[in-house]
Amino acid sequence: MPLFTTDPTAVDSSTIDEYLGAVSGSVSDLELLLWVLVCWALVLDIVLTAYGLSIGLVERNPLMRQALDAFGLSALALAKAGAVAVALVFRALWPEYALVAPIGLAIPWVLAVVFNAALLASL
């Protein structure tokens, strides 16, 4: 039976540090900021859409409207998760275009959040 310690200072972390360094070093600060923006826009879009629907507003996208009618907000969350998954695969396959994936999601989702927020504020 192998022995191990619970003292974190006793663990040789050089291998872990090298791995984590390689992973975090491959993402620029700008890309990380864009992915955080994507996450915030994703959450805000779902929250604002849910609120808008709860007060009687209607989804303008006819496909998403049908999905929301059939499956509720989980359809919107699943669609957003699918878009993020596609973007992450794109990012993994073409790392030289690392900023394209989060920008491609951030721009329309931030615009949707701004539009939805403005619409809700005008009511």
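## Ground rules

Helices here are DSSP runs of H or I with at least four residues, numbered from the N terminus. What you're looking at is a predicted model, where local features need pLDDT of at least 70 and side-chain atom pairs count only at pLDDT 80 or more, while totals for chains, interfaces and linings use all residues. Residues are numbered from 1 along each chain as its sequence is written, and side-chain values use heavy atoms, with hydrogens and water left out.

## The largest pocket

Let's start with the open space. A pocket is an open set of points on a 1 Å grid over the protein atoms alone, places where a 1.4 Å probe fits, with protein on both sides within 12 Å along at least five of seven lines. The largest one holds about 480 Å³ of space, and that volume is what probe spheres set on the points fill, with points joined across faces, edges and corners. Its lining (residues with an atom within 4 Å of a point) has 21 residues, and D45, T49, E59, R60 and N116 are the closest to the centre.

Which elements give two or more residues to this lining? They are α2 (29-54), α4 (73-93) and α5 (100-121). Helix α5 has the largest share, with 6 residues. Sorted by class, the lining has 13 nonpolar, 4 polar and 4 charged residues. Here Ala, Val, Leu, Ile, Met, Phe, Trp, Tyr, Cys and Pro count as nonpolar, Asp, Glu, Lys and Arg as charged, and the others, Gly among them, as polar.

## A nonpolar patch

Now for the surface. L30, L33, L99, I103, I107 and L111 make up a nonpolar patch there, with about 550 Å² of accessible area together (Shrake-Rupley method, 1.4 Å probe). To join such a patch, a residue needs over 30% relative accessible area and no salt bridge, and nonpolar side chains are joined within 5 Å. A salt bridge is a side-chain nitrogen of Lys or Arg within 4 Å of a carboxyl oxygen of Asp or Glu. Helix α5 gives the most to the patch, 3 residues.

Buried means under 20% relative accessible area, exposed over 50%, and partly exposed in between. I107, in helix α5, counts as partly exposed because its relative accessibility is 49%.

L76 sits in helix α4 and is at 7%, so it counts as buried. V43 belongs to helix α2 and counts as partly exposed at 42%. From V43 to V113 it's 70 residues in sequence, but 9.5 Å in space, C-alpha to C-alpha.

Methods
Patches are made of residues with over 30% relative accessible area and no salt bridge: like charges are joined within 9 Å, nonpolar side chains (Val, Leu, Ile, Met, Phe, Trp, Tyr) within 5 Å. Buried means under 20% relative accessible area, exposed over 50%, partly exposed in between (1.4 Å probe, protein chains only).
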